[in-house]
Amino acid sequence: MFHGTITKELTSHEEWSHYNENIIEDQKDFVFVKFSGLYLKSMEYLQSYISLKVCIFSNNFITDIHPLQNCIKLMKLDLHGNQIKNLPDTKFWSGLKYLKLLYLHDNAFAKLKNLCVLSACPSLIALTLFDCPVSLKKGYRHVLVNSIWPLKALDHHVISDEEIIQNWQLPERFKAYNQRLFFNFCAALKKVIGFIRISLEMIFYFLKK
């Protein structure tokens, strides 16, 4: 669980939805929104959602996410399946101090340089970018892993220390891309899994870090 940082409140949205039912009077008090597959082209109306913690805005036609700069309490942001090519600058991401999970897969990112702005996001531990053109570039994973220091998982695998520390040889089970490090945290969105399970070996490994 990466020291308990990925918890039920982030993988299951039941609590957030229930909370919204009690505060529907004022948008600024919403903590959870889900606008998925609605063919939306703009996020402008989210500027007033200043208490937002979980935002699901997947499978739309979004190209600009700047309106989220006021949502400084965000912990989880799902933007997969949109048409985003560029990300806001470091000032935007440094403002999202609580953001831990960021889903950007199946977008139009093509340049690694643009993605390095995510290094300013101080709490980001899990990121997805698979099925984007940039994920096919040589050195894609190496660059991101060594740019975003808090990151613990990228796409479908937990980051191995072997990917960070050059020429460090680890036991087979802890090598990069080893099956034991496989971590499909996106599945929780579809199945609404309460807890993410990781092998005991991995838990002990991260506790020692």
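Visitor: Where is the place of Asp-106?
Guide: Asp-106 sits in the loop between E4 and H4. Bear in mind that this is a predicted model.

Visitor: Which residues is Asp-106 in contact with, leaving aside neighbours within four places in sequence?
Guide: Gly-81, Asn-82, Phe-130, Asp-131 and Cys-132. Asp-106 counts as partly exposed, because its relative accessibility is 39% and buried means under 20%.

Visitor: How far apart are Asp-106 and Ser-58 in space?
Guide: They are 9.7 Å apart, C-alpha to C-alpha. In sequence, 48 residues separate them.

Visitor: And where does Ser-58 lie?
Guide: In the loop between E2 and E3. Ser-58 counts as buried, at 3% relative accessibility.

Visitor: What does Ser-58 touch, not counting residues up to four places away in sequence?
Guide: Phe-35, Ser-36 and Gly-37 are among them. Ser-58 also touches Asp-78, Leu-79, His-80 and Asn-82. Asn-82 is in contact with Asp-106 as well.

Visitor: Switching to rings. How many aromatic pairs are there in the whole structure?
Guide: A search finds six. One of them is Tyr-45 with Phe-57, a tilted pair. The centres are 6.4 Å apart, with 40° between the planes.

Visitor: Where in the chain are those two?
Guide: The pair links distant parts of the chain. Tyr-45 is in the loop between strand E1 (32–34) and strand E2 (54–56). Phe-57 is in the loop between E2 and strand E3 (76–78). They are twelve residues apart.

Visitor: Tyr-45 and Phe-57: buried or exposed?
Guide: Tyr-45 is partly exposed, with a relative accessible area of 36%. Phe-57 is buried, at 0%.

Visitor: What about Phe-92 and Trp-93?
Guide: They form an edge-to-face pair, 4.8 Å centre to centre and 75° between the planes. Phe-92 and Trp-93 are buried.

Visitor: Which residues do ring pairs link into a cluster?
Guide: Phe-35, Tyr-45 and Phe-57. Phe-35 is also among the residues that Ser-58 touches.

Visitor: Back up a bit. How many helices and strands does the protein chain have?
Guide: Seven helices and seven strands. From the N terminus on, the order is α-α-β-β-β-α-β-α-β-α-β-β-α-α.

Visitor: What do the seven strands form?
Guide: An open sheet with mixed pairing, in the order E1-E2-E3-E4-E5-E6-E7. E1 and strand E7 (157–158) stand at the edges. Each has a single partner strand, so one side of each is left without a neighbour in the sheet.

Visitor: In which sense do E4 and E5 pair?
Guide: Parallel, over three bridges. E4 covers residues 101–103 and E5 residues 126–128. Leu-102 stands opposite Leu-127 in E5.

Visitor: Now the inside. How many residues has the largest nonpolar core?
Guide: It has 41 residues. Ile-65, Leu-87 and Trp-93 have the most contacts inside it. H3, H4 and helix H5 (140–145) each give two or more residues. H5 has the largest share, three residues.

Visitor: Last topic. What is the mean pLDDT of the protein chain?
Guide: It is 77, and 64% of the residues reach 70 or more. Among the elements, helix H3 (residues 90–94) has the highest mean, 97. Helix H7 (residues 200–208) has the lowest, 39.

Visitor: Where does pLDDT stay under 50?
Guide: Over residues 188–209, for one. Over residues 1–10 the pLDDT is also below 50. Where pLDDT is low, the predicted coordinates should not be read in detail.

Definitions and conventions:
Residues are numbered from 1 along each chain as its sequence is written. This is a predicted model: local features need pLDDT of at least 70, side-chain atom pairs count only at pLDDT 80 or more; totals for chains, interfaces and linings use all residues. Side-chain values use heavy atoms; hydrogens and water are left out. Rings of Phe, Tyr and Trp (its six-membered ring) pair if their centres lie within 6.5 Å; planes under 30 degrees apart count as stacked, over 60 as edge-to-face and the rest as tilted. Helices (H or I, at least four residues) and strands (E, at least two) are DSSP runs, numbered from the N terminus. Buried means under 20% relative accessible area, exposed over 50%, partly exposed in between (1.4 Å probe, protein chains only). Contact means heavy atoms within 4.5 Å. Two strands pair if DSSP finds at least two bridges between them. pLDDT is the predictor's confidence in each residue, from 0 to 100. A nonpolar core is a set of buried Ala, Val, Leu, Ile, Met, Phe, Trp, Tyr and Cys residues joined through side-chain atoms within 4.5 Å.
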